[in-house]
Amino acid sequence: GNGYQPDAARRALVQTAIAHAGQLITPALVYALHPVTSRLMDGTLTLHNGLALQLPLNAGPQDAGYVVAIVCTLGPALEEACRQLHRQGKVLEALFLDAAGVALLEAVGDRAYELLEHRAREDNLVAGCRCAPGYGSMPITQQALLFRLVDAGAIGVQLNPHLVMRPCKSLS
């Protein structure tokens with residue numbers, strides 16, 4: 001948390017969790033580029049394949065020519081290790097390992113966006129803002145559509161009936 005100063009034992013636990021998490025993850029990403037054919041005033045984008053994606057009103061320029069659907073994951077091993085630690089009664093260790101996974105997943109998402117920005121510049125394009133189903137004003141129901149736009153199964157990510165990704169250490 002903001003301003004939190006861990007004692008020596010917690011600092012050691014943080015370092016152990018980060019090192020352990022780094023050994024468990026298998027970062028992967030998949031993305032797909034889709035041309036936009038129109039954008040409505042409410043933020044809905046109609047894509048070349050006829051699908052319509054509801055974006056937040058402030059998501060990107062009004063003249064966006066493309067949407068990139070992306071899914072990233074750390075793989076299933078880290079969350080399984082967290083479950084195992086929890087079953088062993090090592091709740092604090094599980095919590096710290098999970099927190100390290102959250103930080104690593106965010107770093108993978110940031111790196112994926114950097115790669116896409118680089119790719120866009122190569123094609124004389126500008127990458128717009130990041131948005132995600134269930135974050136901000138983008139409805140979680142858009143997750144099902146996003147999974148129709150990119151082959152997340154290629155990196156082992158599935159969407160359950162409640163629109164939650166598995167493995168949980170995944171983002172879209």
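Here are a few questions and answers on this predicted model. Residue numbers run from 1 along each chain as its sequence is written, and side-chain values use heavy atoms, leaving out hydrogens and water. Local features need pLDDT of at least 70 and side-chain atom pairs count only at pLDDT 80 or more, while totals for chains, interfaces and linings use all residues.

Q: What pattern does the protein chain follow along the sequence?
A: Let's start with the pieces: helices (H or I, at least four residues) and strands (E, at least two) are DSSP runs, numbered from the N terminus. The protein chain has 4 helices and 7 strands. Read in order, they give α-β-β-β-β-α-α-α-β-β-β.

Q: What percentage of the 172 residues count as buried?
A: Buried here means under 20% relative accessible area, with a 1.4 Å probe and protein chains only. Among the 172 residues of the protein chain, the share is 38%.

Q: Which element supplies the largest share of the lining of the largest pocket?
A: A pocket is an open set of points on a 1 Å grid over the protein atoms alone, where a 1.4 Å probe fits, with protein on both sides within 12 Å along at least five of seven lines; lining residues have an atom within 4 Å of a point. At least two lining residues come from each of β1 (28–39), β4 (66–73), α3 (91–122), α4 (142–149) and β7 (170–171). With 8 residues, the largest share belongs to α3.

Definitions and conventions:
Buried < 20%, exposed > 50% of the residue type's maximum accessible area, 1.4 Å probe, protein only.
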